[in-house]
Amino acid sequence: MNWAFTKSGHVTETSAVGLLRGMLEIPSSSYQERALADFLAEAMTDLGYRAHIDTVGNVIGVIERGDGPTLMLLGHMDTVPGQIPVRSEDGRLYGRGAVDAKGPLAAMICAAAGAVDFPGRIVVIGVVEEETPRSRGAMAIRAAHDQPDALIVGEPSGWSSVVIGYKGKLDLRYTVQCPATHPSNPEPKASELAVACWAALVDLLGPDAGHDAFARPGATLCRLNADLTSATADLSVRTPPGFDVEGLVSGLRDRLPAGRLEVLNSVAACRADRANPAVRALVTGIRGLHAQPRLVVKTATSDMNTLAEVWDIPMATYGPGDSRLDHADTEHIVLSDFLRGVDVLSLAIAELAHLPVRADGGASDAPLPERSLR
């Protein structure tokens, strides 16, 4: 008997928590995900997946049970730097990545492994480098993989909420070199030019800019290394839907008397239709656990943005965990919420088995039948 599964074919609670703890015990800051990928490839194989690691380091597990729709569940393996001792305390599991985003990824792996009645293909992916400007893991997936029929991205939404939108992100780098001179020389210094670049950006965005609203842009000065002769400033702007990125970059360049402004990365905001099948399936899962679902938008950015740029399919973001603990030194997940997340995903996967099929053999983005909103 395989003790990882209950008699009904679902992954046991003990195995699910054990998987998550094992993931937390493996450090996997950005660019250092290989050990976790190896661990997950073995764990997914044990759970019945056909698993492998691709050329950029993403771990990919596939379960095929028929010629029905293809569902992709995608989360990220990498974390921000800094370790948190892994420990269980008062029903909470502490560790770097507990909510962002190993908890959501572990819940996806367990839910898909137990989806014994799904009539098609489930692809579960742990991507690399989501916490970096270039999102190399998700970029590789969208370039190399066929478009699935529906997508759920794993990020902490809280077990009873579904994320339907994220702000976009524009990452800029300003560099400038100046001749050596005395501090009292009236000529502008490199450090002063870098500070002026930041001030110009804030001015261009306007007085209402900030990170507290989805409909307005918000800027962050991420890094500033500067002295009299050289300076580098990394700037990040979270952008709402429809924001004129090219206009902002052009306007900022016009205000810079010297130096170079480089666009490191740009990804547009995304907002899913609240009635699309992925959202509706997750809502059904939450209601199945007798909770009132919340649909939310976030002022941050995720791999949903990266994939939404090229995939016009039903999608949503979901995962157990409190996103206010992202990157925090007290990062932890409430284990009962984690297990509820597995159950919600299990119910959502069952609902997505009913995706209408297009004439070309793929699944349609038409709404699920009304019965799915019980």
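Strand β10 pairs with β11 (residues 230-239) in the antiparallel sense, over 8 bridges; two strands count as paired if DSSP finds at least two bridges between them. Within this pairing, T220 has S236 of β11 as its bridge partner. Helices (H or I, at least four residues) and strands (E, at least two) are DSSP runs, numbered from the N terminus. This is a predicted model, where local features need pLDDT of at least 70 and side-chain atom pairs count only at pLDDT 80 or more, while totals for chains, interfaces and linings use all residues. Residues are numbered from 1 along each chain as its sequence is written, and side-chain values use heavy atoms, leaving out hydrogens and water.

Stepping back, the open sheet has 4 strands, ordered β10-β11-β9-β12 with antiparallel pairing. Its edges are β10 (218-226) and β12 (260-267), each pairing on one side only. From one strand to the next, the twist averages 15°.

Now for the helices. Helix α5 (residues 190-205) lies across β9 (168-177), β10 and β11, at about 15° to β11. Helix α6 (residues 245-254) lies across β9, β11 and β12, running at about 165° to β12. Axes are lines fitted to C-alpha atoms, for helices over the stretch in contact (heavy atoms within 4.5 Å), and angles run from 0 to 180 degrees between N-to-C directions.

Finally, the largest nonpolar core has 87 residues, and L40 and V124 have the most contacts inside it. Such a core is a set of buried Ala, Val, Leu, Ile, Met, Phe, Trp, Tyr and Cys residues joined through side-chain atoms within 4.5 Å, with buried meaning under 20% relative accessible area (1.4 Å probe, protein chains only). Apart from it lies another core of 21 residues, including Y174, V176, L248 and L261.

Key. Buried < 20%, exposed > 50% of the residue type's maximum accessible area, 1.4 Å probe, protein only.
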